[in-house]
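I opened a new notebook page for this structure.

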Amino acid sequence: MYLSQDADDVVLVERSLGGDHRAFELLIERHQRALFTVAARMLGSRDDAADATQNAFVRVYQRLGSYDPRHRFYSWIYRILVNECLNVLRGRRHSNEPAETQVDLSEGPLEALQASERRRHVQRALLALPADLRAVIVLRHYAGLSYEEIGEAVGGLPVKTVKSRLYTARQRLGQLLFGWQYDAQVSRRRDG
């Protein structure tokens, strides 16, 4: 599945570079939803996520000629999006406002309320994490990227560092959500 989509992405990039605007629109349509989901989890705001996603696609268009087809296009655009999200986070004060939630009305009212409440708590915990830890969690669990792809997306980190950050992020989320005891000294030894 990935190989076919990767090959299709490369063809669309080549067509875009050749002046085919519809090919770039197809790239946007293919990746927009996943990018928006990642941005929403990173930023905690649908409006900020929409802006970051739009800005990321502008950057993708501007830098399309620098894309190396030996690498996955998917990972390349995620790296651009993560950078856009980090720019937004640097440009604002940390907010404790939870992300907007959507209620699934196909469930019963109690189940919908419980699911909405869980999403709100998870989003609040995600927003409490430092941006570097939040990025690896979101890219792994919401975007489904491999360790290698996460490493590429967040600036060329080695797989070992990605795994270490994921471990630390999961421990901190466990602490925030479930009251787990987090041992920062053990984590620092693992990170080092």
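**Entry 1: the pocket.** Before looking, I noted what counts as a pocket: an open set of grid points with protein on both sides within 12 Å along at least five of seven lines. The model I searched is predicted. I looked up the second largest pocket and read a volume of about 250 Å³. Next I asked which residues lie nearest its centre. They are V122, L173, G174, L177 and F178, out of 13 lining residues. I then traced the lining to its helices. α5 (109-128) and α8 (159-178) each give at least two residues to the lining of this pocket. α8 provides the largest share, six residues. I sorted the lining by class and found nine nonpolar, two polar and two charged residues.

**Entry 2: a helix pair.** I turned to α2 (residues 21-43) and α6 (residues 131-141). Their axes come within 10 Å and cross at roughly 145°. I noted the crossing of α2 and α6 as right-handed. Which residues make the contact? From α2 I listed V38, R41 and M42; from α6, A131, R134, A135, V138 and L139. By class, this contact has six nonpolar residues, two charged and no polar.

**Entry 3: confidence.** The chain has a mean pLDDT of 81, with 79% of its residues at 70 or more. I flagged residues 94-105, where pLDDT is below 50. Beyond near neighbours in sequence, that stretch has 22 contacts in the model. My reminder: where pLDDT is low, predicted coordinates should not be read in detail.

Key. Residues are numbered from 1 along each chain as its sequence is written. This is a predicted model: local features need pLDDT of at least 70, side-chain atom pairs count only at pLDDT 80 or more; totals for chains, interfaces and linings use all residues. Side-chain values use heavy atoms; hydrogens and water are left out. On a 1 Å grid over the protein atoms alone, a cavity is a set of points where a 1.4 Å probe fits but cannot get out, and a pocket is an open set with protein on both sides within 12 Å along at least five of seven lines; lining residues have an atom within 4 Å of a point. Grid points are joined across faces, edges and corners, and a volume is the space filled by probe spheres set on the points. Helices (H or I, at least four residues) and strands (E, at least two) are DSSP runs, numbered from the N terminus. Ala, Val, Leu, Ile, Met, Phe, Trp, Tyr, Cys and Pro count as nonpolar, Asp, Glu, Lys and Arg as charged, and the others, Gly among them, as polar. Axes are lines fitted to C-alpha atoms, for helices over the stretch in contact, and angles run from 0 to 180 degrees between N-to-C directions. A crossing is left-handed if the near helix is turned anticlockwise from the far one by less than a right angle, and right-handed if clockwise. Contact means heavy atoms within 4.5 Å. pLDDT is the predictor's confidence in each residue, from 0 to 100.
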